[in-house]
Amino acid sequence: MPRAGLTTDRLVRAGAELADEVGFDQVTVSALARRFDVKVASLYSHVKNSHDLRTRIALLALEELADRAADALAGRAGKDALAAYADVLRDYARHHPGRYAAARLPLDHETAAASAGVRHAQMTRALLRGYDLAEPDQTHAVRLLGSVFHGYISLELAGGFSHSAPDPGETWTWILDRLNALLRGGSAS
């Protein structure tokens, strides 16, 4: 019988908070049970195991990111859309590092196809419409943006840019300007 007050949603949200505090790799059913001061067995009526919990946190993070990105992209095109989308990712990662890591969790095909990850791909392709890219260039551009954004964000979160000038925010703006120019087919000015 499920313990009073514990729900799957409450556990997943608590797991996401735990991920932000201690790192996504440290989130387990045991760690979550300690947080609620309950026995591990009390949680198994809500989540199957640590992998199930981590997958649910990943799905939550993808949904949160998709909602924020959709709001940021509304009514924007071209460089404004590119910067808005990129800034949502960077801001989310800085405020929710564990959830951001969760959003990178590899999902099985069926779970991924039913996740908000599909919305991310659609939004990335939608923002690229402002650049008039035909296939296969559009797919290359989706991969380029994902690689640059997630690579930079991961390095920044790890402190990779904290030891030298210029400020990482200045570099972020420079990168967005260069990506915009590349996608437009011109040079950055």
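Helices H3 and H7 pack against each other at an angle of about 25°, their axes 9 Å apart; here helices are DSSP runs of H or I with at least four residues, numbered from the N terminus, and axes are lines fitted to C-alpha atoms over the stretch in contact, with angles running from 0 to 180 degrees between N-to-C directions. That makes H3 and H7 roughly parallel (angles under 35 degrees). This is a predicted model, so to speak only of what was computed: local features need pLDDT of at least 70, side-chain atom pairs count only at pLDDT 80 or more, and totals for chains, interfaces and linings use all residues. Residues are numbered from 1 along each chain as its sequence is written, and side-chain values use heavy atoms, with hydrogens and water left out.

On the H3 side, the contact (heavy atoms within 4.5 Å) involves residues including Leu-62, Leu-65, Ala-69 and Leu-73, while H7 brings in Gly-117, Arg-119, His-120, Met-123 and Leu-127. By class, that contact has eight nonpolar, two polar and three charged residues, with Ala, Val, Leu, Ile, Met, Phe, Trp, Tyr, Cys and Pro taken as nonpolar, Asp, Glu, Lys and Arg as charged, and the others, Gly among them, as polar.

H8 gives the most, five residues.

How values were computed. Helix = DSSP H or I, 4+ residues; strand = E, 2+ residues; numbered from the N terminus. Parallel < 35°, antiparallel > 145°, perpendicular 65-115°, else oblique.
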